[in-house]
Amino acid sequence: MAPGPARERRGEDGAGAMTGLLDGLGRRALEILRVLGHHATFLVDLLRACPVALRRPYLVIAQIHAIGNLSLVIILASGLAVGFVLALQMYYALVTYGAAESLGLIVNLSLTRELGPVVTALLFAGRAGTSLTAEIGLMKAGEQLAAMDMMAVDPRSRVLAPRFLAGLVSMPILAVLFSSIGILGAYVVAVLLIGVDAGNFWSIMQSGVDVRRDIGNGVIKSIVFGFICTFVALYQGYEAKATPEGVAHGTTRTVVIASLGVLMMDFVLTALMFSTP
Amino acid sequence: MGKKSIETFVGIFVLLGMAGLVFLALKAANLGSFSGGDTYTLTAYFDNIGALKVRAPVRSAGVTVGRVASIRLDPKLYQGVVELAINRDVQFPSDSSLRILTSGLLGDQYVGVEPGAAEKMWAGGDTIKQTQSAVVLESLISQFLFSKAADAGGAPAPAASAPGPSGGKK
């Protein structure tokens, strides 16, 4: 008779813990769904605001200047550095197989397929994404967005959509420039410094690189990454808490989420694009 | 900064992007040299295509005249069926033969065309049976070893006699 109530109590405790666990699980699942739904409605609002924003092209152009032009230096410098290093490393690896002439091909494929879009997107998230988040977060903290709403100006079409479109336009251009300058950097190191034959460098590259498959897919990747980076930056800025901490938090989250999103999406896109030989 | 100068800078930026794309397409890829526009198709049957790949070049006298368009297996003959897209301005006599060759020792494989002498020319859609398979290194080595072994078996005293001068060559 003695163990009866004890077991009952233990059973009750177990049930309590169980429901607690279920509560937590359910709460977390609902939270994930809520965040996803929030993202989706934000995206729909953003896309709906885009045609309105296109009617004021100057807003978009000014944002392309802020996002694209001003990112140009860091993108070009990084592309050149990556091209240099890639050529040097590949040369050390290839020269043992007597295949140093294939250097151009390897550098080109790795840049146009992977490194160009991905590294540009990571730099873009750091350089332009954070500034977008901080700008919009501070606009919100200063109640500028609310003021716009009061004046019957939709902040989505006036503030968010031009930045979104500018990100979509800038990112592929930056990625293409990154790849181009990287190939030129590899040319400088391989041909001018090491002395790989220039004719072979270009001709092997040309015979191995396909415009649609390699360069076209790279451009598609960079458009997708531009979408991810800009969307995450705008969302984090728009949904940031209207405090200094909130803006700081949003800026950090922009870099983390955009970088992880880009890297994961890159794997998916690569698997889809290059699975067939 | 004025409105005009920002527009100019953005124009330069977009122009730079286009220049980069043109550079990638023309200088770093094969858009200019072979767009695959004006070609006719030939179908060739090979016993063994080796490591031939789609888009491998078709060469005659070392000059690229076309590309491999597709590769599949004939389910009845168990032969490799290779479709070749040849430039329209290059014509070959109908008794020409095709070979699968390797560029360099470890290079990629390509289809070589040995021109014949017939009056009639190959036309689009023709099927070619006069082909020579790719050289498979393993069968080459085993052929060599078997001929070596045959030579050694024929010689009465293997320790004393040096291999015949012509025996080892293949």
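Predicted model: local features only at pLDDT ≥ 70, side-chain atom pairs only at ≥ 80, totals over all residues.
Me: Why is helix 8 of chain A called largely enclosed?

Reply: A residue is buried if 20 or more other C-beta atoms lie within 10 Å of its own. In helix 8 of chain A, 20 of the 28 residues are buried, so the helix is largely enclosed by the rest of the structure.

Me: How do you know that the end-to-end distance of helix 8 of chain A agrees with its number of residues?

Reply: At 1.5 Å a residue, its 28 residues should span 40 Å. The end C-alpha atoms are 39 Å apart, which agrees.

Me: Why is Pro115(B) called partly exposed?

Reply: The class lies between exposed, at 12 or fewer other C-beta atoms within 10 Å, and buried, at 20 or more. Pro115(B) has 13, so it is partly exposed. Pro115(B) sits in the loop between strand 6 and strand 7 of chain B, and, not counting residues up to four places away in sequence, touches Ser60(B), Phe92(B), Pro93(B) and Ser96(B).

Me: What makes strand 7 and strand 8 of chain B edge strands?

Reply: The open sheet has 8 strands in the order 7-1-4-3-2-6-5-8, with mixed pairing. Strand 7 (127-128) and strand 8 (131-132) each have a single partner strand, so one side of each is left without a neighbour in the sheet.

Me: What makes strand 5 and strand 6 of chain B a pair?

Reply: Pairing needs at least two bridges. Strand 5 (residues 97-102) and strand 6 (residues 109-114) of chain B are joined by 6 bridges and run antiparallel. Ile100(B) stands opposite Val111(B) in strand 6.

Me: How many residues of chain A and chain B are in contact with each other?

Reply: 25 residues of chain A are in contact with 20 residues of chain B. Helix 6 of chain A gives the most to the chain A side, with 6 residues. That side divides into 14 nonpolar, 9 polar and 2 charged residues.

Definitions and conventions:
Residues numbered from 1 in each chain as written. Chains lettered and ligands numbered in written order. Contact = placed C-beta atoms within 7 Å. Helix = DSSP H or I, 4+ residues; strand = E, 2+ residues; numbered from the N terminus. Nonpolar A, V, L, I, M, F, W, Y, C, P; charged D, E, K, R; others polar. Expected span 1.5 Å × (residues − 1).
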